[in-house]
Each structure stands twice: as structure tokens, then as C-alpha cells.
Amino acid sequence: MEKILNRDEGRLLAERIAKEADVKLHECYQCGKCSAGCPMAGSFDLMPRQIVHLMHLGDMETVMKSKSIWLCASCHTCVERCPHDIDIPALMEKSRMEAQKRGYCAVRNVKLFNDIFTETIRGFGKSQEVILEGIYNVGSGRLLQDINHVPEMLQKEIVRPELNQVRNKDHVRSIMKKCEEGGALN
Amino acid sequence: MARIGVFICHCGTNIASVVDVAKVAEAAKQMSGVAYATDYKYMCSEPGQAMIKAAIEEHHLDRIVIGSCSPRMHELTFRKMLKSTSVNPYMLEIANLREQCAWVHTDREKATQKAINLVQMSVAKVAGNKPLHTSMIPITKRALVIGGGIAGIQAALDIADCGFEVTIVEKEPSIGGHMVMLDKTFPTMDCSACISTPKMVDASAHPNITLKTYCEVESVSGYIGNFEVTIKEKTKYVNHDLCTGCGLCQTKCPTKVTSEFNQGMSKRPAIYIPFAQAVPSKPVIDPNACLKLTKDKCGICEKICPIGAINYKDEVKYTTEQFGAIVVATGYELADWKTMYPEYGSGRYPDVITGLQFERLVNASGPTEGHIIRPSDGKEPKDVVIVKCVGSRDPKKGKTYCSRACCMYSAKHAHQILDKIPNSRVYIFYMDVRTPGKGYEEFYDNTRKDGAQYIRGRVSKIYQEGEKLIVKGEDSLIGRPVTVEADLVILATAMEAAPNVEEVVKKLGISMDKDRWVQEAHPKLGPVETQTSGIFLCGTCQGPKDIPDTVAQASAAAAKVAGILCHDEMETSPMISFVDQTKCSGCGFCVTTCPYKAISLVEVPGRDGNRKVTKTVAQVNEGLCQGCGCCNAACRTGCIDLKGFTNDQILKEVDALCL
Amino acid sequence: MKSYAYFPGCSMDSTAVTYKKSFEYIAAKTGLDLKEIPDWSCCGSTAAHTKNEKMAYALAARNLALAEKHFPGLDVVTPCAACYSRLRYANYAARKNEDLRQEIEEILQMEYKAEPEVLNFLDLFSDPDLQEEIRKGIKRQLKGLKAACYYGCLMSRPREVTGETDPENPMKMDEILRLVGVEPVIWDYKTECCGASHQVDAPEASRELIDRIFRNAQANHADIIVTACPLCNMNLDMREEEINRKFQRSYQIPVFQFTELIAIALGASASECGIHHHFFPAFDVINDQIRSGNISEKREQVQKVQEDPLKSGPIIVGKAGK
């Protein structure tokens, strides 16, 4: 579909995200050093450089529907090498939060993993790798993923069946509840 | 009662778009002493000046205030104009309504009020102005050129050809600078040595030129027309008056260290002539490498020198000379990419080289006699990557500017590789290709025709795996990360100002910009002048540039110097200090404060009650005083004043603003 | 020696068993004083900062607030790179923004001053006193063992949070391992990302990252890769065989935690330092070193070492795991 730039409604959102991330979008001169060093770029549908440019244009919809914002590993290689110090991981992260609010999710499994992880924290106060992987495998339909490692892990006592839990679980839960009620930090 | 005329300039829309100029002129009419006020589109123009002259006649004006651009810009213009009127040229004040008001504000109402305040201050000050008259001082008809690269050589030749004596001070053992290191020059591909070495020879043979190589400027005093410069000659340990340049010492010296001229890609002896075509073609001894000087061993060069020119006990020599004008041509160094770019390996990989190293590799007189090989294993590279903008256009690395010559020399390098190595491939990572020069775009076209692959993107990382260098970039035109497995990587490393530029600038009393480039007086209208009159600049000390631009600027600086030296004497500014000797206590504080050594203490007859006594007081040398005002501020009894800026006038300005 | 508040992190009680065992061995030998933060909870990890920024700060800050309460004045040390990053982020944000700090206190219902420094294990082992203790306790030199020190992202970047001065080429681990004779190799993937949790939730996109790390380690002649993080370690160690299959490689590069090597140097047996817990067999490389005489023993230790299970028993366990 034809894209009419000056009718784009994402500009305000993009500007807000950029401000929160302390990024001046106009500084990006599209050199591509970010994309060149990004370990995940091979799987991105939009290069990190293109995310910055789309935000500068105000096309947040394309950004929020992209896979790249979900696949970003927050490794910070891009910003470490960026000539203009543009905090791309922050742009990715904040775009991802906005995408979630609007129900966009181009890489379902990443969201699923994070959701389950968050719930194990709510449940036990600590992460539970076995439970996490188990529920994730069911939820993602990848029942056999990493299953070959399980007997070995048990045999070598790498994981144990018992749970590690926080005593004051209510404290952790109340912290999470308060943060969720307050929404994402704006 | 003073009759002041106030003239408010629109400066096109520069002032008028932010300041209500008509309102300022109206307000001026109400100010004390103002007999006439008006506004006009361009006061500096011919009709504007005619208008002022007519107003002087018609309204019998005796002093003028002009509200316009900075006095740096047009104060001289208006003073010249006043020479043909009844008003003394120093009965003039400029209120800076452009740089200090319109350009820095957006609120029209507040800016207009500020403009009125500025005019009010100038009106208050001009009321206290007194007519001043210039005097004449003689000019020393000799020029000093600091730096013996192509800029310095060209400037010196042009000044010398006008019939004036020139001294070139060069810190290295030979003149020639960077140009003589280069192989071919874009876009015409003439051999750099073939066009620069004849100029070096011309400079050394010119009857009006004195070469002072291996020398540095130690100190500078004085002013335009009469600079006094002390030159330090570093220890050469070779008597150049005796030395014939036979070169025997070089061949027998047992110590070998890295050659600066070959950019670290070959060795040179401790006693060395930096390159075969050096001027002068006489050696110096590197005191950090020489066994005799470091460990008191060896001494071979002294034993074999047929004429006994070696002198291990050589000492630093200082000479002091007078010059009428100075040209700064201190040139550039390459940015130290090794400390700036850990992502490119910090210099761990021998096959990642700079453009200047490549120039030595491809140069027939270089360490490989022109064979392009990998420094690591001597093999001929097939796949070569050129990375542009290394150290330039990179705010993270502290350099925002474009280094200007890299796009073209990179295209030239690509052309040379494709030409010399059959079946080679060249990939050039770039952000933009900038070719603003005559024949440059065509050269770039031809490089692509030769087969160079231009990939738009900045390289993120360079590292070695096995024999190959892995270069990771993005092809931003297709939006995909790309990797090139290269045999050789050439970094188009940025120019930066020479390492000792701070010292030179400090000694000369001129300034640098944020990137350490020497600051020109005006980027458009004073591109070869500095803020200190009589001191000029040319070449890459002022900013990155290529050879054609450097040579053009050098000739321009030479013309400016000749424009001074062709006069026998020159006008001095009358805005200088004067001492009220009846009040002076002779403390001498002003003497130590004066940067121009213009004040001395003298004995004059005076009275103590009824008794006649001799008292010591300060006296200003009108030829040396530059009107800086330091003594004025330092004087404890308040007996020193600056003509045109008296304490009384300044206080009147303050009163006009505050009362 | 200095005392520290200790935040183990969730992995230390499960997958990071070698890390834990070897570290506890070193702590016992050197008298290292770590005080575990009572009732610590998850730092929030990647999941929290993906979903809710405030939650990411608050979950991390809970542990720092507990440390401040129970062990005032002590710096907090953590073995996990992700925990390190989240705890430091919380401190960084709270120190920069007083309103945020107060809001976090409000959410936690606890005092949180963001004063103690958060250190990782490489910082801890750079402590000259601890290094001196290690130097004194060395029973074996691991001379000739060529190690590619892998730091990963989160201990290095972003530099304003981590304080690392050279995120492209950090040297702390290299220097620590030199203490026990290991020869760190110069390589170029010290801080390239291992994919972190994307190895679980986006495996197709991220397996290649691991391959590239092994490839560069191999190209630079490393015998082993050494990590200082439970997740980096698991991503590399657990998936090496899969990488070999998937990309038709034949990497033979065991992955160690740096603490294992120090424990070995201090005289730990295989089971004491946890080598038998590795996924990818790690015995051969150590045994080869011993056989070639590179791992040298101090003379008075020889008798004892011959009976050390490092050379006999647990090797079978390692082989069984193959």
C-alpha cells in the first residue's frame, strides 16, 4: 500500500519513545554500523538502522509489527559502536512494550518465554529453569526442544527436581503488582 | 554639546527579521546628544555610506553610532568612509545588533529592547570619544614560514619570487612534508614525487629562501611588521656546513629502527637521511637510537666520516631574527586509529594499514619498490577492503568533521590495486562519496568502471581468522549485513592537526577551533588570515584539504604577506595605552603584565611639595603597544587608560544600561 | 580480606553447578568472606525489562535493599552476568533519577539508597588480596593451557552502566587466569553475544551466534573457552555438540567457568570443582595437559596428586556423558 509519510500518526509516539530513551533520532546518518555488528541482524526483518529511520519518519506501526524488536538481544553492541551514541536497545525495548500494549507480537515465542518467566517469578520469587522450559515447550508446541539434555542434566545433577523458593513470596508479588498497575515506566 | 548620528542597519533580513529596526531608530532619537537617527537596509553598501555622509553634512554631526554587524566585520569600512568627511574616523562606535542580538534571539519584542539598550550604551560611550590620529612605523621586509610541507614551500617560493627574504622552519630533517610520501596524486595521476621534489629543490636553491630544517620556533614577540622570533635548532650531531651528504655513515650504522618516512614499514639507521630525495640531503643522528649517545658505544660514523662532520657533543642552538610577517603551515598528522578503534583490532593485525602506509607500499621508491603486498607474509593480496571515514565523521571518537581528501584518495587506491594486481577485487565501504573538485566525479566514475565495488555502510568490526581478515559491514542499500574475507584492509584514516600545534598556536598568540585546527580570521572573507594581524595560515593546519586546495591557499597567504612587505612603513592603531605620569607611582606592575613588552619605567623630574625630585614612572612605547588593555586593568592607581576605551567611557556605558 | 554481600542468582542453585562447586572450593581455600543476602529473589532478568521497566528496576532493587539492610556498607557481588547487569542498571537508574529512587522505595516499602557498588566475579577475583591468597595456595600450574576468555555482553556493555573501559577487549579474566599459568589467547569474540535466552525462544535465529564464537576461538588456537556467567556457559557447553552436528563442524573445545581452572590450580579434584557436570567432555583437555607435563605439580604435592581423582575416577563420568 502506498505510504503517505506526512499523514503518519506514529510520530508523537516515536518522539515520546525517543525522548524517554534519550535519543535524538535526527542524529542518525544511516551509516549501518549498528546493523553490521548486530549478532541477531541475520534474522531481523528490519535492520536496527531502519528501525531508527522508521521512527524518525514516524512510522511506528511498521516498527511495532516487526520481528526485530522481539529478536533484539539487548547486547548493546550497536550503541557501543554507534558514532552518535544512539541507544538502539532502548528504542527496541520501548517499542516492544508499546507493541505489547497494542497486541502486536511478531515473534510469539519470545513473548511466551518472557511471560512464563515472569509468572515463575510471581509464583516462586525465583526463576525455575525446569518449569520454565517445560511450560515453554508445551506453550510453544516445541515439545522436544532441548529434551535430549534432560536425562543428562538430572544424572549429572545439573538440575534437581526440588524447587528454590523465596520465603517472602508476598513481597515479590506485591512489588510486581504495583509495577503492573502503574504500567510501564513513562 | 555632542551631535551624534545613529544609523541602524537591517543587514538585509539578518537583523530586521528579529529586531524592529525602525523602532530602535525612533528610540535613538530620544537619547541624549543624538541629533539624527535613521535605519537602512545595508549601511555598509555604497548608498548606505553616502547616506551617512549626507547626514553628517546636513545635521552637522560630530560623532557616529552604527547599529549593525560585529565591529570585526565593518568597523574598518566605516572608519575609511569617515576619512572623507569632517568627522574623525575614531569618533565612531559600532553597536553589534547582529551577532550579539538578532542571531542569538528569537523573541522580537525582547530583542528589540536589547537592541535599544545596546545602542544606548554606544551613544553613551561615543559621547566621550576624542579624535585620534595614527602614526607610522617601519616594516621588516622578511617573512617566516613555519612548516616545510607543500603549503610552506609554495608560500615561501611565492613570497621569495616577490623579492622578499623568507626563512622556512621545518621540524623534520627534510622539507617535503606528507606530499613527498605519496605515490600518485588524484585526479590526474601525476607522480607526487615528480611534482613536489622539484619544488623542494627550487626552495633550497632560491637566493631569497633560507631553510632551517630540524628547527622549531621557540618564542615569538612583537607585532605585524616587526616580529622577533627565536628559532631553536635541535641537535643534529652532524655539522651540516661540513657534511657533503655522501651517505657513507648511513650504510655503516649498526642500529636499525622503524622508519617514520615509510610509516613503520621498513627500518632506517640511527644516523639517517629520511629519504633519497631529502632536502637538505644530509643526515642527522636520532639520539634515542644511537648507541654512542645512549650507551657510549659504537662511534662508527665518526670514525668513517671522511671529513669529520660528526659531532656527538652537539648542542641546541638558538638564533633570534626579525620578520615582518609569519605564515603558519604546520600541516597534519593521521588520527591515531589504533587507540580510537578497538573494534578494528587496535593495530593487532599487520594487514590492516592506513592510506598513508598504502602510499608507501605502492610507491616505487617505497619499502617494496611499489609492489603491493601484505605486511604480514609478503603475499600479494587479491581481495582488498577500503574502509572510509576512519576517525572522521565520528562524534563518538571525538571527530565530527569530514576529512575531505579520503574519498578521492580511496578511489585512487582502488584504481591502483585493480590496475596493478590482476584478478584483484576491491570493496570500498563508504557512507557518502564526496567528490567536489575539478575532474573528481569523473575519477570516481572511472574507479567504478575499473571494477571497484562500493558498499554503502560503515564497518562495524575487523578481525583475523586464519589468513583472512574478516570485515563486517552492512550493505545499507539492500539492508543486509555483509562480510568480506579480505587479504588486506586499508583504512582511510582522517587527518588531524599536527601534534605540536597547541604549542605553535600559543607562541604566536593565535587560536584553534574545537578540533585543534588553526582558526582563520573569517571562514569566507578572511580564510588565510588569523586573528593576529601579520600572521597568516595555509594548508592542512587550517583544516583537512587536498593538494590543489593547499597550494592555492599557500599562494593566497603569500600574496597577503607580500601585501604587507611591499610597504616601507605602516599605520599603527592609535587606540593604545597612555599613562598619566603625574599619578603614576612607578610600581612597575604594568611592565610585568604587558604581553608586548611595550611598557618601561623611566625617570622624570617631579615635585615633592616644594622640593624638586626625580621620580620613576611608566612609559608606553607607542610602536609596541597593541591596545590590549592588560596594563589598564593591572594599574593600581588607575593612571593608565586606553585611548578609545577609557575607564570613564566604559562606566558611562554601564550607567546607560543600568541606571 | 574484604567482606561482600553475596547475591548468588537463581542459576547458581541449578544449572551453574560447576560454577558453584568450584567457587565454593576456592572460597574455602582462600577464606573468602561472602555473606549471602537473606531471602534474595530473582533479579527480574530479561523478562522483566522486556515487559515493564519499573518492574525490572524494582525486582533488582529488592535484593540491593536487603543487602543494604542486613550488610550495611558492603559491596554486593554476583556470579551471574545477567544479574550483575540488572542490579547495576537499578543502581545506575536510581542514582541518576532521585524521583525514581523514591518511587522504588515506595514500591518496595523498604529503604533503598543505591549506595553499595555491584561487582561481578571478575571484579571480585581482581581484588589484590584474593589474588595473593590464590597465588599462595597454588598447587598446580596450568601452563600451556590456551584459553579463549569469553566475557559476553552484559559484563561489558553498556559501558556507562558497567564501567568497563574497553568493551571490545576486556582483560580482567585474562589477567586472573594468568595467575594460575593459563595462557589466554588473543581472539575477537570476547564480547560478542551468545544469544542469551534467545537460545531457547528463538533458536533458529541464534544458534549461529554460538557457532561464530567457537569458530573464532578455534581459529585463534584456543584449547578451551572460559566463561564467567552461568547462562553464557550453558549456551556454549550444552550446545557445542548440536552446533557440530548442525553446521558440520568438529569443534573440540570444552567450556569452563574460570573458577574451575582456579580451583584445579588450588588442588581441587574433578568432583570438587565439578568437571563431571560438563555437557561437552572436558577431561581430556585437562588430562592431555597433565600428560604433556604442562600442568606441573609442586614437588611435595606429587604423591598426593597421583591419587587425585582428577587423573582417574571421574574421567569415566565424563566419558559416560558423551
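Which residues of chain A form a nonpolar patch on the surface, and about how much accessible area do they have together?

Author: This is a predicted model, in which local features need pLDDT of at least 70, side-chain atom pairs count only at pLDDT 80 or more, and totals for chains, interfaces and linings use all residues. Residues are numbered from 1 along each chain as its sequence is written, chains are lettered from A and ligands numbered from 1 in the order in which they are written, and side-chain values use heavy atoms, with hydrogens and water left out.

The patch consists of A:Val138, A:Leu143, A:Leu144, A:Ile147, A:Val150 and A:Leu154, with about 570 Å² of accessible area together. Accessible areas come from the Shrake-Rupley method with a 1.4 Å probe, and for residues only the protein chains shown count as cover. Patch residues have over 30% relative accessible area and no salt bridge; nonpolar side chains (Val, Leu, Ile, Met, Phe, Trp, Tyr) are joined within 5 Å, like charges within 9 Å. A salt bridge is a side-chain nitrogen of Lys or Arg within 4 Å of a carboxyl oxygen of Asp or Glu.

One member, A:Leu143, sits in the loop between helix H9 (129-140) and helix H10 (149-155) of chain A. Helices (H or I, at least four residues) and strands (E, at least two) are DSSP runs, numbered from the N terminus. A:Leu143 counts as exposed because its relative accessibility is 52%; exposed means over 50%, buried under 20%, and partly exposed in between (1.4 Å probe, protein chains only).

Nonpolar residues also gather in the interior. A nonpolar core is a set of buried Ala, Val, Leu, Ile, Met, Phe, Trp, Tyr and Cys residues joined through side-chain atoms within 4.5 Å. The largest has 149 residues, and B:Ile462, B:Val489, C:Tyr112, C:Phe125, C:Ile225 and C:Phe258 touch the most other members. Helix H3 (residues 53-70) of chain C gives the largest share of this core, eleven residues. Apart from it lies another core, of 54 residues, including B:Phe227 and B:Trp517.

B:Ile462 is in contact (heavy atoms within 4.5 Å) with residues beyond four places in sequence, among them B:Tyr344, B:Val387 and B:Val489. Chain B has 659 residues, of which 54% are buried, and its secondary structure comes to 18 helices and 34 strands. Its C-alpha atoms fill a box of roughly 90 × 70 × 40 Å along the principal axes.
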